[in-house]
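Please look over the structure below, starting with the ligand and its surroundings. A short report follows.

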Amino acid sequence: CKINSTKTCLWMEDTGVGKSSIVWRFVEDSFDPNINPTIGASFMTKTVQHQSELHKFLIWDTAGQERFRALAPMYYRGSAAAIIVYDITKEESFQTLKNWVKELRQHGPPNIVVAIAGNKCDLTDAREVSERDAKDYADSIHAIFVETSAKNAININELFLEISQRIPSMD
Ligand code: GDP
């Protein structure tokens, strides 16, 4: 077995979209409704097996707040993938996501894999962003797209699996 090590940067401008909850679900397979808001950035790792390869994710969960904005390039510059999270119940979070995509395209590594996660898909009654619109947008920028629920463990492993499949293996 070989280990592919991948640094994945996870962020969105807004706090509250569920970035930390997604990482927590992926790494610990649990959900804590009282999770602390991300301050600065936290770091976690998880190794998953895909076919005959081990894939180690080094995950930076960054705070998207405006005051930390200047720090963002520190994380995405060395990353193989970026997950940008929005909240399907907040149209505004989907609009700000588009600004991050622009920033990544302009200043990020040229081959960075971009994944868009529409989180809180368990809250269907409060939905403000349609799955179709988000998928069309993601397709137009060649990004991976999934709707996730960190709370109900929907599509979290699938999100990371898709990312590992898109990242070329380092022989
Ligand atoms: P972050 O600031 O983007 O890291 O967001 P957090 O992970 O701190 O989550 C913000 C709030 O949204 C918390 O109250 C979470 O319990 C809640 N939350 C996160 N993911 C989900 C989800 O998939 N479904 C629901 N219903 N709530 C969620």
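Which side chain has an N or O atom 3.1 Å from a nitrogen atom of the ligand? The side chain is that of Asn-119. Keep in mind that this is a predicted model.

A polar backbone atom of Gly-16 is 2.9 Å from an oxygen atom of the ligand. For Ser-20, a backbone N or O atom lies 2.8 Å from a ligand oxygen atom.

## The pocket and its shell

The ligand sits in the largest pocket. Around the ligand are 18 residues. Those that come nearest are Gly-16, Ser-20, Ser-21, Asp-122 and Ala-150.

By class, the shell holds eight polar, six nonpolar and four charged residues. Helix α1 (residues 19–28) gives the largest share of the shell, with three residues.

## Aromatic pairs

A pair of aromatic rings is described by two values: the distance of the centres and the angle of the planes. The structure has six aromatic pairs. One of them joins Phe-43 and Trp-60. Their ring centres are 4.8 Å apart and their planes stand at 45 degrees, so the pair is tilted.

Phe-43 belongs to strand β2 (residues 41–50), and Trp-60 to strand β3 (residues 53–62). The pair therefore ties together parts that are 17 residues apart in sequence.

Conventions. Residues numbered from 1 in each chain as written. Predicted model: local features only at pLDDT ≥ 70, side-chain atom pairs only at ≥ 80, totals over all residues. Heavy atoms only, no water. Near = heavy atom within 4 Å. Polar contact = N/O pair within 3.5 Å; in protein donor to acceptor, adjacent residues only side chain to side chain. 1 Å grid on protein atoms, 1.4 Å probe; cavity = no way out; pocket = protein on both sides within 12 Å on 5 of 7 lines; lining within 4 Å. Sits in = over half its atoms within 2 Å of the grid points. Helix = DSSP H or I, 4+ residues; strand = E, 2+ residues; numbered from the N terminus. Nonpolar A, V, L, I, M, F, W, Y, C, P; charged D, E, K, R; others polar. Phe/Tyr/Trp six-rings, centres within 6.5 Å; stacked < 30°, edge-to-face > 60°.
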